[in-house]
Amino acid sequence: MAAQSRKWMILIATIWIQAFTGTNFDFSSYSSELKSVLGISQLQLNYLAVASDLGKAFGWSSGLALMYMPLWVVLILAALLGFVGYGLQWLVIRQIIFLPYFAVFVLCLFAGCSICWFNTVCFVLCIRNFPAHRPLAISLTVAFNGLSAALYNLCANAINPSSDTLYLLLNAVIPFITSFAALPPILLQTSIRPLPSDAVRRDSLIFLLLNFWAVLTGLYLLLFTSSDSRTARFLFSGAVFLLGLPLCIPGVVYAKAWFHRMVNSSFRLHETGFILVGVDDLELHKQLIITQDSSAMGNGDAQTINESLSGCETGGENRGCCGRVMEKDRLAILGEEHKARVLVSRVDFWLYYVAYFCGGTVGLVYSNNIGQIAESLGDGVKTTNLVTLYSSFSFFGRLLSAAPDYVRAKLYFARTGWMAIALLPTPIALFLLTGSGSFTILETGTALIGLSSGFIFAAAVSITSELFGPNSVGVNHNILITNIPIGSIFYGLLAALVYDDNVEPGSSAVCMGRQCYLLTFVCWGCFSLIGLASCSLLFFRTRHAYDGFEHSRRSTQLY
């Protein structure tokens, strides 16, 4: 029981790490000040945002480090990278030291790399300690990364509401302190034994309660904000209190007998249908597929469990062009391990890559440009409010990525299908922004893009695990997110060129008016439609694999 209690302490530590290390979200809060101090153009500022995202391209280095170092050492190294990257930038923006543009670029690279290292540590902790609830643990912890900007906004207002440069100092110090605070439970972790069925149901209920708590925390940070220093201190204390509430979970675990007697008797979890796509489930699914394929081969006709794709395939030997596209090199089962070389040769991987590149990455680049977008529309003083709005809705989007796990019994849908639905708000928001320059539309669009990109960021880890194997998820997911720096360069360069092209002569490289981002919104919207089409195609190609897994799972529950 002590080991079970300790794993919840690790989950809480992971939540705290995620909550205070999403430092890339508040770039817009100080980007205008950084641009002014360095005396650079919008294009050069975009390259600094790209440098932060480019750090994610080195995400594989964290996996390599874990092969040779203990987990806690990798965590401390991540904290040091962020401390140096953001700390020296703060000294530059405060004009305490002077560094050339290239040196600041490298510091942004360090800062971005630290975020990726933190994420890898958190993913590994969730996978090791919650093998039966991996999707739920990952979606919950990753969700809190979306609250970072709201937390930093409250903290900055509590200290000095008039200082935009304070964000850089907080980005350097808070993750460093949080990492050391999270060390004790990580150092004391022990190996987790397989759980009996009653313990799995108990943990499922705890995750359900934790999601309710997460929603409460997100609503608190979204609804309660203030630029008054005294009020902000009070609100920030309340946020810290809410983040500390799950510390009571270990006590709840020790009270297992009472929990079972008082709650399980009136709240049945047997039919909640959590999509616990764990290693054991996937192995069982593979065995069932092999058995059925062998039986079909014996009759001279090998078939998959769910061969038909509605509307695209015709029975018999004659299939249309659509049917051939859907079937060519598609995944047969979930959870099959893919090495890197095999991964990049799969059509489904590249459909997935394009969907992420034209979906979640567009939202991330939008968040990097919020400061200049608001400034160009004459709402520069409201930048921090927009950053908080994006951050909060990104948090809710990440939480919603766990919705398929909770509604599965009543509404089963492949996770790739949920991702396609989640992509819809992005083009809607971007085309709304092209039609109006009002602040209300700007808020609406920011919220929709945050919701959409947050869902994609959180769901992607589970989708990668399900489609290409849980044991290879560390390497495969880092290959997937190489699209982020590529997209940051491409979309950011497009935005910067349009912005600089509309700067009036003698206006100190500041563009004012809707035309500064109008063409950018149109182009981003068109690319997001490509991402939606790619994800929809991925859904139709993988639906039979998800249906096959669900069929196998329900078959085993009958015995």
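Among contacts in the chain (heavy atoms within 4.5 Å) between residues at least 6 apart in sequence, 83% join residues at least 24 apart. The model is predicted, so local features need pLDDT of at least 70 and side-chain atom pairs count only at pLDDT 80 or more, while totals for chains, interfaces and linings use all residues. Residues are numbered from 1 along each chain as its sequence is written, and side-chain values use heavy atoms, with hydrogens and water left out.

The chain holds 28 helices and zero strands; these are DSSP runs numbered from the N terminus, helices being H or I of at least four residues and strands E of at least two. Of its 559 residues, 56% count as buried, that is, under 20% relative accessible area with a 1.4 Å probe, protein chains only.

Helix α8 (residues 148-159) packs against helix α9 (residues 166-181) at about 115 degrees, with axes 10 Å apart; axes are lines fitted to C-alpha atoms over the stretch in contact, and angles run from 0 to 180 degrees between N-to-C directions. The two helices are therefore roughly perpendicular, a term for angles of 65 to 115 degrees. On the α8 side, Y152, N153, C155, A156 and I159 take part, and they meet residues of α9 including L166, Y167 and L170.

Finally, the cysteines form zero disulfides, a disulfide being a pair of cysteine sulfur atoms within 2.5 Å. The sulfur of C116 is too far for a bond because the closest cysteine sulfur, in C113, lies 6.6 Å away. C116 is buried at 4% relative accessibility, and C358 is buried with a relative accessible area of 4%.

Terms used
Buried < 20%, exposed > 50% of the residue type's maximum accessible area, 1.4 Å probe, protein only. Parallel < 35°, antiparallel > 145°, perpendicular 65-115°, else oblique.
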